[in-house]
Amino acid sequence: MTDNELLHLIKMINQIADNLDYGGSENEVALKVLDHIDRFWAPSMKLKIAKYAEIDGSGLSSISNLAVSSIS
């Protein structure tokens, strides 16, 4: 499950987490990442990253992993 689209999603979510990590707990930053994903990512993108996190998730930062675990 490492196609180019998935690799791009992993890179994007980790970059979002890095950009939003400016002081606060991992949980607080993860909530900001989740909010961003909920507002701007298509359902198919959310589903793909959530499935990846369930199966492997090794490419996700700890904050990204926390955010993805809360995707609805």
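Predicted model: local features only at pLDDT ≥ 70, side-chain atom pairs only at ≥ 80, totals over all residues.

The contact is formed by Ile 13, Ile 16, Ala 17 and Leu 20 on the H1 side, and by Val 29, Lys 32, Val 33, His 36 and Ile 37 on the H2 side. Sorted by class, the residues in this contact of H1 with H2 are 7 nonpolar, 1 polar and 1 charged.

H1 covers residues 4-20 and H2 covers residues 26-40. H1 also packs against helix H3, which covers residues 43-55. The table gives the geometry of both pairs.

| Helix pair | Angle | Axis distance |
|---|---|---|
| H1 and H2 | about 130 degrees | 9 Å apart |
| H1 and H3 | roughly 90 degrees | within 10 Å |

An angle of about 130 degrees makes H1 oblique to H2. Angles of 65 to 115 degrees count as roughly perpendicular, and H1 and H3 are therefore roughly perpendicular to each other. In this second contact, H1 contributes Glu 5, Leu 6, Leu 9, Ile 10, Met 12 and Ile 13, while H3 contributes Met 45, Lys 48, Ile 49 and Tyr 52. The contact of H1 with H3 has 8 nonpolar and 2 charged residues, and no polar ones.

## A lysine in H3

Is Lys 46 buried or exposed? Lys 46 lies in helix H3. Its relative accessible area is 14%, and under 20% counts as buried, so Lys 46 is buried. Leaving out residues up to four places away in sequence, Lys 46 touches Ile 37, Asp 38, Trp 41 and Ile 71.

Technical notes
Residues numbered from 1 in each chain as written. Heavy atoms only, no water. Axes fitted to C-alpha atoms, helices over the stretch in contact; angles between N-to-C directions. Helix = DSSP H or I, 4+ residues; strand = E, 2+ residues; numbered from the N terminus. Parallel < 35°, antiparallel > 145°, perpendicular 65-115°, else oblique. Contact = heavy atoms within 4.5 Å. Nonpolar A, V, L, I, M, F, W, Y, C, P; charged D, E, K, R; others polar. Buried < 20%, exposed > 50% of the residue type's maximum accessible area, 1.4 Å probe, protein only.
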